[in-house]
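Hi,

Here is the structure I promised to send over. Have a look at it first, and then read on for what turned up.

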Amino acid sequence: MSLFVRMLPGPLVKVFARPYVAGASLEEALAVVDKGLEKKLFSTLDLLWEDIHRQEEVDVVVEVYHRMIAACAERPQETRPTVSLKPSSYTTRPLNRGEGMDAAGSREAILAFSEEARQKGVGLTIDMEDHHWTEWTLRLLEELWAGGGYHVGAVLQTRLERTRDDLARIPPEARVRLVIGIYNESPQIATTDKAEMKRRMLDYAGILLKKGCFVEFATHDEPVIRRFLEEIVPETGVDASRFEVQMLYGVPRGKIQQQLVRGELGGVGPVRVRLYVPFATDWSLATAYCKRRLLENPQMASAVLKNLGHALLGKK
Ligand SMILES: Cc1cc2nc3c(=O)[nH]c(=O)nc-3n(C[C@H](O)[C@H](O)[C@H](O)COP(=O)(O)OP(=O)(O)OC[C@H]3O[C@@H](n4cnc5c(N)ncnc54)[C@H](O)[C@@H]3O)c2cc1C
């Protein structure tokens, strides 16, 4: 199935990955944000736009991000969405494209978003892309925090070996999204053992909470969420205002999300849940994100394939 997903042409990716994408415009994504709020779910917005080659594309992305920040700022502060940034989408020279690439323009774009978001009271999170970006992103976070950009959070990937050391670089009180990491990294720099990634998630969450960070525990793994709430949080002595659980829009986790917001898990009271809500103004540029999601869950692709087959054969 994973070969099937990798070979899928763009237009078919759209069919399979539709559940993960919140719409084709900022307005549609904001409607999803509002629907989430009806169930007490918060959001972070993201524009899917990867594999950029032309400056005009960068200009469009930057313009949409300014609109996203402005739209978030118009929402009530208590339920205001945050905005997630992908450094590779603000440059025609992304570091992951190899030799000689310098991410020209990404730093400047993020500094500008940061300033605008600071003035408007909107939280930003810089997504963590593959290992080419790790050092670049952490340096930028340090620079932003040194200049008072306390509204900007970062992401740490537990699969990377370097992350244990990177924990010490995160400013105390910063907002940190902890993830296992979606990019397949080489065994020279990352563990390939999923259980170990999960153990590290719990371990690092404890370290970050103790140092005063706000932890965004981003996983769909219910047993790991339970262990976070039942073991790590009580051990650190923090209350539920110091963390939240994050999940991706489209991953079916409605039951545990409601248990969390109602305070029915872990004995720590109601826990804030935030969904990562990506939208795509151009599907062809959302393909990479969608393939990564499908590869995480090949059952989704096989279910859609089965339905498609049944439809073609006229079966119910
Ligand atoms: C809010 C959020 C933001 C993220 N930001 C980043 C980032 O900046 N950088 C980065 O590298 N990674 C990011 N990720 C991805 C993350 O690194 C993992 O790849 C992803 O969350 C899957 O890991 P898991 O912890 O849920 O565990 P898994 O063990 O992969 O999954 C746990 C359970 O959830 C199910 N599941 C997982 N993914 C899906 C899916 N797509 N569809 C249906 N079921 C699924 C699995 O089938 C399994 O039952 C983010 C994830 C989230 C939730």
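L178 and A205 have the most contacts inside the largest nonpolar core, which has 85 residues. Such a core is a set of buried Ala, Val, Leu, Ile, Met, Phe, Trp, Tyr and Cys residues joined through C-beta atoms within 7 Å; buried means 20 or more other C-beta atoms within 10 Å, exposed 12 or fewer, and partly exposed in between.

Two notes on reading all this. This is a predicted model, where local features need pLDDT of at least 70 and side-chain atom pairs count only at pLDDT 80 or more, while totals for chains, interfaces and linings use all residues. Residues are numbered from 1 along each chain as its sequence is written.

Next, two loop residues other than glycine. K40, in the loop between α3 (26–38) and β1 (41–47), has a positive phi near 65°. Helices here are DSSP runs of H or I with at least four residues, and strands are runs of E with at least two, numbered from the N terminus. D51 sits in the loop between β1 and α4, and its phi is also positive, near 60°. K40 is partly exposed, with 15 other C-beta atoms within 10 Å; for D51, also partly exposed, the count is 15.

Best wishes
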